[in-house]
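Please have the sequence and the model at hand while reading.

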Amino acid sequence: MPPSTARNHLPGRRTGDAPFAQLGFLIPMTLADLQPTDAPAILQVEGALAFITLNRPGSFNAIDIDMAVCLERLALVVERDRDVRVLIIRGAGKAFCAGGDIKLFVSHIDNLALPIGRLLEHLNRFLLALRRMDKLVLTSVHGAVAGAGFSMAFMGDFCIAAASTRFRPAYAQIGVSPDAGGTIGLVQALGARRALQIFLDEPEMSAERASQLGLLSRVVEQAELEVQTREYAERLAGLSHVATSATKRLVWQSASVPMDQQLEAEARSIVSCMDTCEFRALLEGLQRR
């Protein structure tokens, strides 16, 4: 990959951009910029593709407060990048994400409300950004996908998984209810009754089973996951940005918008899409066939 086509990003401090300076980011522009290898999450941008990598492989990418803060900040960077068309979320090491950090739970067992509240405040803002941004979000999962990692895997727009992936809701088994968007993504994909059954009565799912339920867009061999993820993301990035962003917005809002308002939104959206040079060029191409 030529250095000029990629940018690495990490939380820090920058100047000359008031809104983002207040958030406290550094936005390096080339691979020459140093990035700490122990950052809890890392952002790399390659043209139209952005990659956020959960980077706590020693704990199977368990989510702690630092990771949640980092994920929120990196999502805002991606949301602001006009060149990005697809965001890929993946995990370093042997797992995508094993859920919340047990060490955090144990160390605050007598007063969990404050640390868990803080963690979820930032994680929820990250998830909101994923749904709000005009980029498509592809989660690429492997190994253990449990707890908050299970929920997060289905908060993207698409999910590709290695065939050996094991999905574990894990909430009921430790006496808690879902978080990290689990009652949103899974319910929207499967309906309330099926989601309830998975959370309470299916301690583990294979990738094959998840695919049968319609939760996965692709299932590939572990050795091919990285290549297949990139190829899938590039294909999505090649679609009309106006069309994909409008379609994403319409689809995700449909569950909470009355039918008459949704139909009006569809009408406004398609007219807006047609009022572009891209639509005219594509239409001319169809006429020449």
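## The chain as a whole

The accessible surface of the chain comes to about 14,900 Å², and 56% of that surface belongs to carbon and sulfur atoms. Such areas come from the Shrake-Rupley method with a 1.4 Å probe, and for residues only the protein chains shown count as cover. This is a predicted model, in which local features need pLDDT of at least 70 and side-chain atom pairs count only at pLDDT 80 or more, while totals for chains, interfaces and linings use all residues. Residues are numbered from 1 along each chain as its sequence is written, and side-chain values use heavy atoms, with hydrogens and water left out.

The secondary structure comes to 12 helices and 11 strands. Helices (H or I, at least four residues) and strands (E, at least two) are DSSP runs, numbered from the N terminus. Of the 289 residues in the chain, 47% are buried. Buried means under 20% relative accessible area, exposed means over 50%, and partly exposed lies in between (1.4 Å probe, protein chains only). Among contacts (heavy atoms within 4.5 Å) between residues at least 6 apart in sequence, 68% join residues at least 24 apart.

## Helix α11

Helix α11 covers residues 259-274, 16 residues in total. From its first C-alpha to its last it reaches 23 Å, close to the 22 Å expected at 1.5 Å a residue. The expected span is 1.5 Å times one less than the number of residues.

Which residues of α11 are buried? They are Q262, A265, S269 and C273. These residues lie on the same side of α11 because they cover an arc of only 65° around the axis. The arc is that of the directions from the helix axis to the C-beta atoms. An α-helix has 3.6 residues a turn, so residues three or four places apart point the same way. What covers the buried residues of α11 includes α10 (241-253) and α12 (277-288). The face turned away from the buried side carries the exposed residues R268 and V271.

## Two single residues

V78 is found in helix α2 (residues 65-80). V78 counts as buried because its relative accessibility is 1%. Beyond its neighbours within four places in sequence, V78 is in contact with L43, A50, I52, V84, L87, M133 and K135. V78 and M133 are 55 residues apart in sequence, and their C-alpha atoms are 8.3 Å apart in space.

K103 lies in helix α3 (residues 102-107). At 65% relative accessibility, K103 counts as exposed. K103 and D64 are 39 residues apart along the chain, and 8.7 Å separates their C-alpha atoms.
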